[in-house]
Amino acid sequence: MDRRLNNLKQRKVKSILLKSFVWLCGILTVGVLIYILLFILLRGIPKINLVFLFGEYNSETLSAFSSIVATIQMIFLSLIISVPIGVFCAIYLAEYAKRGSIAVKIIRLATDTLAGIPSIVYGLFGMIFFVNILGFRASVLSGVCTISIMILPVIISSSEEAVKSVPDTYREGSLGLGATRIHTVFRIVLPTAMPGILSGVILAIGRIVGETAALIFTSGTNVMKNPSLDLLSSQRTLAIHMYMLAGEGLPHSKDMAFATGAILILIVFTVNYTTTKLAGRIGRIQ
Amino acid sequence: MTDKIKIENVNLYYGEFQALKNINMNVKENEITAFIGPSGCGKSTLLKSLNRMNDLIEGVKITGRILLDDADIYGDMDATVLRRRVGMVFQKPNPFPMSIYENVAYGPKTHGVKSKAKLDEIVEKSLRSAAMWDEVKDRLKKNALSISGGQQQRLCIARAFSVNPEVILLDEPTSALDPISTMKIEDLLTEIKKDYTIVIVTHNMQQATRISDKTAFFLHGEAIEFDETEKLFSMPKNKKTEDYITGRFG
């Protein structure tokens, strides 16, 4: 009897210890996040003003306007290239390829390798291939091409997971009604997999927004006075703007680097929020 | 009554394993034919061969002939055309993750019906045939996954009706349902057999006696006995059939 009581006590102590450890880890994680966010936002947001946001760039304003536009261009163009390729590749892998076929093995090897390559290596490749060999020069176009390759593995693997997680009973139901394979993929499988695909797109956007190393070599660090949609001009994204400002050594450039960081964080928030909302809405319609 | 489906010397292999052994039987028009037998006896496999759903599984080989109105379904016939004529309802209700309306409209849309009025008409007719129009007519826009399991299964039957099939295959359609939903579906099947040819796989022998005209008993991939349901259950010719229906095994 006594031993059993003892045992119970021990177990209670253990569970309390474990619980507090779990809580501690949780608080630590959230704490670090909040600290970083506050650190940047508190320094950055007060420095943000209209001129910085929408003004002309010069050594006085250090305006981020053209970089904001460059970042948005970079996001859209890279996604336009890599989302269709990635999603179709995922459909091939999950729906059409025979299990264990050589094509699947090669594609998987390629995506796994691409996913593991450090971004600076992509940068070097982009510089040699797109900038020099293809003659795109240091430009948004070279940056977009490089980034598209870089995010492809993320899109492929998340889309493949999403497509695979669509229950086979849906496919059977559709095929059983006399629908063709391709019709089933587009009308049933893809819509059902959309939330999963979008979460891959969010990850990809995160990588694009945060990328510096690969872009310094390809789209360059040039800053335009005013925003430009010229894809053949060298432009810096926000992340590079921040990197350059931090190293600039001008009296207020550090502050402006924080302001840029704050804008970056806000952009990422907005993108994540809208994409999640979008995914939620698509999920509900289904 | 004429023979709607003729099954001639059918053997089916999953890789090395022979799942069906020399099956011969005819399914008559406007009748309910039931396939019974213990798990793994081949009854679902045979059912799925009737609209070539087995094509989807890798490594399936089939020999012999299956004729639908005297046309070989493994010959020139396109699988999508075949599956339009021979619809299927699965063991677990599998409505698509969309609205009730869209679930029923999916089939006709797939086959090229575009007009909203025509689709409305098909949806109403199909849901009426599945005896659930009154239950759902006010919530056609609701997600099909939000209705009960029994309703989902009847929705799947309505979905099968929507492409105007000639034959409907049902693979243990009530095994996941409660007795009341089961009864509704059984009533429905007896009601609609005048317009369709129905083949149903069932684990439930009472269900076979209640609704089917003919019953086939399967064991280890062989069709042991195939006869009028009444005869098969009252005076089975084969000892194995007798053992099974009297509950000695299975």
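Analyst: Helices are counted here as DSSP runs of H or I with at least four residues, and strands as runs of E with at least two. On that basis, chain A of this predicted model has eleven helices and zero strands. Read from the N terminus, the order of elements is α-α-α-α-α-α-α-α-α-α-α. Chain A is more spread out than a compact globule, because its radius of gyration is 24 Å, well over the 19 Å that the globule rule gives for 286 residues. The C-alpha trace of chain A spans about 75 × 65 × 35 Å along its principal axes.

Of the 286 residues in chain A, 38% are buried. Among the contacts in chain A with a separation of 6 or more, 76% are between residues 24 or more positions apart.

Next comes the partner chain. On the side of chain A, 14 residues are in contact with 21 residues of chain B. Three elements of chain B, namely α2 (79–85), β6 (86–89) and α3 (100–110), each supply at least two residues of the side that touches chain A. The largest share of that side comes from α2(B), with four residues. Sorted by class, the side of chain B that touches chain A holds ten nonpolar residues, seven polar ones and four charged ones.

Notes
Residues are numbered from 1 along each chain as its sequence is written. Chains are lettered from A and ligands numbered from 1 in the order in which they are written. This is a predicted model: local features need pLDDT of at least 70, side-chain atom pairs count only at pLDDT 80 or more; totals for chains, interfaces and linings use all residues. The radius of gyration is taken over C-alpha atoms; the globule rule is 2.2 Å times the number of residues to the power 0.38. A residue is buried if 20 or more other C-beta atoms lie within 10 Å of its own, exposed if 12 or fewer, and partly exposed in between; C-beta atoms are placed from the backbone. Two residues are in contact if their C-beta atoms, placed from the backbone, lie within 7 Å. Ala, Val, Leu, Ile, Met, Phe, Trp, Tyr, Cys and Pro count as nonpolar, Asp, Glu, Lys and Arg as charged, and the others, Gly among them, as polar.
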